[in-house]
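Thanks for coming, everyone. Please look at the sequence and the structure on the screen.

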Amino acid sequence: MKYKNLLSLKSLIVLGFATAVIPLFLGVMYAAYGLRETAELGRTINSQVFEQTKTIRTVLQKSSDIERKARLFVLLSDPALRQPYERESYEAARASFKQSLSDLLKLHVDNKIALLVNELSEKENLIYQQIIGSETDNSFKLPIDEAFQGLRESSNVLSREFENHVEHTFNELRQLSESLEQGLLIKGAILLMLSCALVLALLNVLSGSMRQLDTAIRRLGSGELQEPIEVSGPADLRYLGERLEWLRTHLISLESSKQQLMQNLAREIEQPLQQIRHGAGQLATPDEQFTSHTETELALQMEASVDKLKTVSEQLLKYSQIQASQPIREIQILNMHELVETTLESFEDALQAKSIHVKKLIKPLQIEGIAEQCRGIVEELLANAIQFSPENGEIRIMLRDSGNVMELEIEDDGPGIEPDTRLQVFEPFYRGNPTAQTEPGENHGLGLAMVREYVAHHQGQIEFIDPRQDHLGARVRVQIPLDIAA
């Protein structure tokens, strides 16, 4: 799945946190928005209802005032008995009543209440017209009780209708709140399920990668190294899978090296054991031609074979000790120019014996290293170059720094090393060209193996590379950092 390859473990953790928090955040924001809207609507409705209720009460109060003023005005039916301020009082009460009705209509009441307000206003107008008309003919067209009964009934109907309106409005507000609550629960459940689904998907990705890692580690632990290790999922876990694959190939290489070591060791000790067995057999069953001189030769051969086995044992023990630990405490500042020069001086007799010319390009250079091991590197490589160089040959030595790395190259004019065997020569007891060895028994095949370990202790690398133009010999290059971690 391509999306898995785009994510790292850190990204998945952040994504998992986001998938858990974002839906919750959205739910809280939605709930807050809904509550704010509901609260705002509630405040608006409460304010409107409060204003309408206050105005309705004022209207009802003014309606009672109109009735009282009108009754008083009617009782004083004789114009001679009426005072001017009584009509003014009636007119003022009526104007206040009209203003209250106008204020109520401005509050955007529903149509039914507006109709009742208009009906109340018309009945009041009718009463007013009848009362004012009675001033001229001194007669009232309707009985006074019937005239004001209709006004009171309209006022009562308006009051009841407003109460119903208020109750209906608050019922709608309650239903809106319940609907909002139900919507919050539904949307919260949906967001929760979505969050859980995303988290489960992420967990599935991680658990799949962890199962692959667990399977790979179990196979490595049980020695099943044939099947390649592949881990899919986040980049971090895929990187661990790549490191496990490297470990698998490294274990295969170590197993192959172990098998090669056992085979080489068996071949190395086979010859001296055969010589010892042959000499012991001749000593055990001497023939007629067996003399004391022959006995002495056999004893010397057996002694040489035992010495060879002892040398192999000592070198093998030394090689195992080199692999077991790294003497970091012995690191010091080394003058490699001086070390190479003094090592060359120690090989002066061997060089003169074969009339070998040494061509040097050695620059002053200092590194952090282990003196004994660095000297061992130079000695072993020079010994091999002298051993495989022909008479009157040439050995070329170069020492220089390349950035923060020391480079040491030693090249001879010997038979060289085939490209397909350049890695194998560093295996213990490997014999690439035993016929080229000048003195049987002087080299037991552990020299280059120990050199490789010395170089590894210095966090460097060693390899045989192609010889220079017009040369066919072996050319070895050692690269060691100038500063290694202490």
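This is a predicted model: local features need pLDDT of at least 70, side-chain atom pairs count only at pLDDT 80 or more; totals for chains, interfaces and linings use all residues.

Residues are numbered from 1 along each chain as its sequence is written, and side-chain values use heavy atoms, with hydrogens and water left out.

Start with helix H11, residues 447-457. Helices are DSSP runs of H or I, at least four residues, and strands are runs of E, at least two, numbered from the N terminus. In H11, 9 of the 11 residues are buried, so the rest of the structure largely encloses this helix. Buried means under 20% relative accessible area, exposed over 50%, partly exposed in between, with a 1.4 Å probe and protein chains only. Glu-453 and His-457 are among the buried ones. Just after H11, Gln-459 has a positive phi of about 60 degrees.

Next, the cavity. What lines the largest cavity? Its lining is Met-336, Cys-374, Ile-377, Val-378, Met-406, Leu-408, Val-478 and Ile-480. Helix H10 (371-388), strand E5 (405-411) and strand E7 (475-481) each give two or more residues to that lining. H10 gives the most, with 3 residues.

Last, the surface. Phe-17, Val-21, Ile-22, Phe-25, Leu-26 and Met-29 form a nonpolar patch there. Leu-26 sits in helix H2, residues 9-75. Is Leu-26 buried or partly exposed? Leu-26 is partly exposed, because its relative accessible area is 44%.

Definitions and conventions
Patches are made of residues with over 30% relative accessible area and no salt bridge: like charges are joined within 9 Å, nonpolar side chains (Val, Leu, Ile, Met, Phe, Trp, Tyr) within 5 Å. Accessible areas come from the Shrake-Rupley method with a 1.4 Å probe; for residues, only the protein chains shown count as cover. A salt bridge is a side-chain nitrogen of Lys or Arg within 4 Å of a carboxyl oxygen of Asp or Glu. On a 1 Å grid over the protein atoms alone, a cavity is a set of points where a 1.4 Å probe fits but cannot get out, and a pocket is an open set with protein on both sides within 12 Å along at least five of seven lines; lining residues have an atom within 4 Å of a point.
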